[in-house]
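This briefing is meant to be read with the sequence and the coordinates side by side. It begins with the nonpolar core and then turns to the overall fold, the pockets, the annotated spans and a few individual residues.

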Amino acid sequence: MDVASQTPINGMMQGFNLIVAVAASLLVYRVSRRTLWLGACVGMLLLYTAWTILSSNFAHTKTKAAGRSVLAFIFNKLFYDGPFSLMLLAYPIEILPYTLRGRGVTVSIATNQVALVIAQSVNPIGLERIGWRY
């Protein structure tokens, strides 16, 4: 896919992410944070399971429909955008006592950043070597 095709897709994806994050932020006081968090985790589990099944189907059949459905699941971050965008920092702040809050948030952010660096370094290697099974 060329850059001219990627740019509008990425722009639409960021607009979608913004809409979902704002909608989730409006739900925080109507639905409990725990309900949003657990719902997002269950939703991501189902989404990633379907994504894996579709990736396996595409690896075996190489049809355009299977490829497009995999692409749709790659860009579908509905369950992540809401609760995880909002509460990744807010949740540790709320659950930690005041005396541990600064250190706890530091550990939370550092852990998140280390995980992101590892994922960014390891994911391409895993995908290249074992494909959809990764």
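In this predicted model, the largest nonpolar core is made up of seven residues in all, namely Val28, Leu36, Trp37, Ala40, Met44, Phe84 and Met87. The elements that give two or more residues to this core are α2 and α5 (83–95), and the largest share of the core, four residues, comes from α2.

**Core surroundings**

- Phenylalanine 84, one of the residues of the largest nonpolar core, is in contact with Trp37, Ala40, Cys41, Met44 and Phe79 once its neighbours within four places in sequence are left aside.
- Among these partners of phenylalanine 84, Trp37, Ala40 and Met44 also belong to the largest nonpolar core.

**Overall fold**

- The protein has six helices and zero strands, so that reading along the sequence gives the pattern α-α-α-α-α-α.
- Taken along the principal axes, the C-alpha atoms of the protein fill a box of roughly 55 × 30 × 30 Å.
- Of the 134 residues of the protein, 19% count as buried.
- When contacts between residues at least 6 apart in sequence are considered, 60% of them join residues that are at least 24 apart.

**Largest pocket**

- The largest pocket has a volume of about 350 Å³, and of the 14 residues that line it, the closest to its centre are Trp51, Ser55, Val70, Leu127 and Trp132.
- Helices α2 (33–61) and α3 (64–75) each supply at least two residues of this lining, with α2 giving the largest share, six residues.
- By class, the lining of the largest pocket has 10 nonpolar and four polar residues, and no charged residues.
- Serine 55, which is among the residues closest to the centre of the largest pocket, lies in helix α2 and counts as buried because its relative accessibility is 15%, which is under the 20% limit for that class.
- Leaving aside its neighbours within four places in sequence, serine 55 is in contact with Val70 and Trp132, and both of these partners are likewise listed among the residues closest to the centre of the largest pocket.

**Second largest pocket**

- The second largest pocket has a volume of about 250 Å³, and its lining consists of Met44, Leu47, Tyr48, Trp51, Phe73, Ile74, Asn76, Lys77, Leu78, Phe79 and Tyr80.
- At least two residues of this lining come from each of α2, α3 and α4 (78–81), and the largest share, four residues, comes from α2.
- The class count for the lining of the second largest pocket is nine nonpolar, one polar and one charged.
- Trp51 lines the second largest pocket and is also among the residues closest to the centre of the largest pocket, while Met44 lines the second largest pocket and belongs to the largest nonpolar core.

**Annotated spans**

- According to an unreviewed UniProt entry, the annotation "transmembrane region" covers residues 12–29, 36–54 and 74–93.
- In the model, residues 36–54 are 100% helix and 0% strand, and the end C-alpha atoms of this span lie 26 Å apart.
- Residues 74–93 are 85% helix and 0% strand, with end C-alpha atoms 30 Å apart.

**Individual residues**

- Lysine 62 lies in the loop between α2 and α3, and this residue has a positive phi of about 60 degrees although it is not a glycine.
- As background to that phi value, most residues other than glycine have a negative phi.
- Lysine 62 counts as exposed because its relative accessible area is 59%, which is over the 50% limit for that class.
- Valine 107 is placed in helix α6 (residues 101–130) and counts as exposed at 52% relative accessibility; from C-alpha to C-alpha, valine 107 and arginine 33 are 21 Å apart in space and 74 residues apart in sequence.
- Serine 108 also lies in helix α6 and counts as partly exposed at 23% relative accessibility.
- Not counting residues up to four places away in sequence, serine 108 touches Leu88 and Pro92, whereas serine 108 and leucine 78, which are 30 residues apart in sequence, are 23 Å apart in space, C-alpha to C-alpha.

Methods
Residues are numbered from 1 along each chain as its sequence is written. This is a predicted model: local features need pLDDT of at least 70, side-chain atom pairs count only at pLDDT 80 or more; totals for chains, interfaces and linings use all residues. Side-chain values use heavy atoms; hydrogens and water are left out. On a 1 Å grid over the protein atoms alone, a cavity is a set of points where a 1.4 Å probe fits but cannot get out, and a pocket is an open set with protein on both sides within 12 Å along at least five of seven lines; lining residues have an atom within 4 Å of a point. Grid points are joined across faces, edges and corners, and a volume is the space filled by probe spheres set on the points. Ala, Val, Leu, Ile, Met, Phe, Trp, Tyr, Cys and Pro count as nonpolar, Asp, Glu, Lys and Arg as charged, and the others, Gly among them, as polar. UniProt positions are given in the numbering used here, feature names are shortened, and annotations may be inferred rather than shown by experiment. A nonpolar core is a set of buried Ala, Val, Leu, Ile, Met, Phe, Trp, Tyr and Cys residues joined through side-chain atoms within 4.5 Å. Buried means under 20% relative accessible area, exposed over 50%, partly exposed in between (1.4 Å probe, protein chains only). Contact means heavy atoms within 4.5 Å.
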